[in-house]
Amino acid sequence: MKWIPLGQKADYFGITGSVLCIIHCLLTPILAMSSTFIRHDALWAGYLSMDYVFIGINVLAVFSATRHETTKGIKIALWSFLSLFATALLLEEVNEIFEYVAYAASVGLVVSHLRNIRYCRLHHTARTRTAVS
C-alpha cells in the first residue's frame, strides 16, 4: 500500500474535517435531548471533546495546504478562518454566539479549501500547457 503525503490531499482532508465538525455540532443538541447517550458520562465527555480533534484536523490540513503553491489571499483566508474556528470552538461555552461563529468559520474553511483546489488545478493545467509548448 502506497502512502500518499497529506500535502497532495490536504484540501480534501480539511473539507472533510470541517463538514464532519458541522455535522457533529448539529447532532450534539439532538443527542443531548433525545438519547440515553448522555447518561454515560465518559462517552459524553469523549463526544464533546471531539472539538479538539476537529481543530487538530484543520490545523494539519491548513498547514499542509498552504505550504506549497497557492495565492496569498487563499493563505490568509485559510489561516484566518482556522483561527476564528479554533477560537470559537474553545469559547462556545462562554456564549452561544460562538457556536454560530464556529459554523460560519467552518463553512469559510470549506469554501477556502475549494478555492484552493480550483486554483491548484488551474495553475497546474497552465503550467503543464506552457511546459508542453
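Which side chain does a polar contact of 2.8 Å join to that of Asn116? In this predicted model, the partner is Asp11, whose side chain meets the side chain of Asn116 at that distance. Asn116 belongs to helix H5. Its relative accessible area is 1%, so Asn116 counts as buried, the cut-off being under 20%. Leaving out residues up to four places away in sequence, Asn116 touches Ala65, Thr70 and Ile74 as well as Asp11.

The nonpolar residues come next. In soluble globular proteins, nonpolar side chains tend to be buried together. Here the largest nonpolar core has 18 residues, and those touching the most other members are Cys21, Ile55, Val62, Leu78, Phe85, Leu89 and Leu109. At least two residues of this core come from each of helix H1 (6-34), helix H3 (50-67), H4 and helix H5 (97-132). H4 provides the largest share, with seven residues.

Val62 shows what one of these core members meets. Apart from neighbours within four places in sequence, Val62 is in contact with Leu78, Trp79, Leu82, Leu109 and His113. Of these contacts, Leu78 and Leu109 are also listed among the core residues that touch the most other members.

Ile76 lies in helix H4, which spans residues 72-91. Ile76 and Ser112 are separated by 36 residues in sequence, while their C-alpha atoms are 9.6 Å apart in space.

Terms used. Residues are numbered from 1 along each chain as its sequence is written. This is a predicted model: local features need pLDDT of at least 70, side-chain atom pairs count only at pLDDT 80 or more; totals for chains, interfaces and linings use all residues. Side-chain values use heavy atoms; hydrogens and water are left out. Helices (H or I, at least four residues) and strands (E, at least two) are DSSP runs, numbered from the N terminus. A nonpolar core is a set of buried Ala, Val, Leu, Ile, Met, Phe, Trp, Tyr and Cys residues joined through side-chain atoms within 4.5 Å. Buried means under 20% relative accessible area, exposed over 50%, partly exposed in between (1.4 Å probe, protein chains only). Contact means heavy atoms within 4.5 Å. A polar contact is a pair of N or O atoms within 3.5 Å; within protein, one must be able to donate a hydrogen and the other to accept it, and residues adjacent in sequence count only if both atoms are side-chain atoms.
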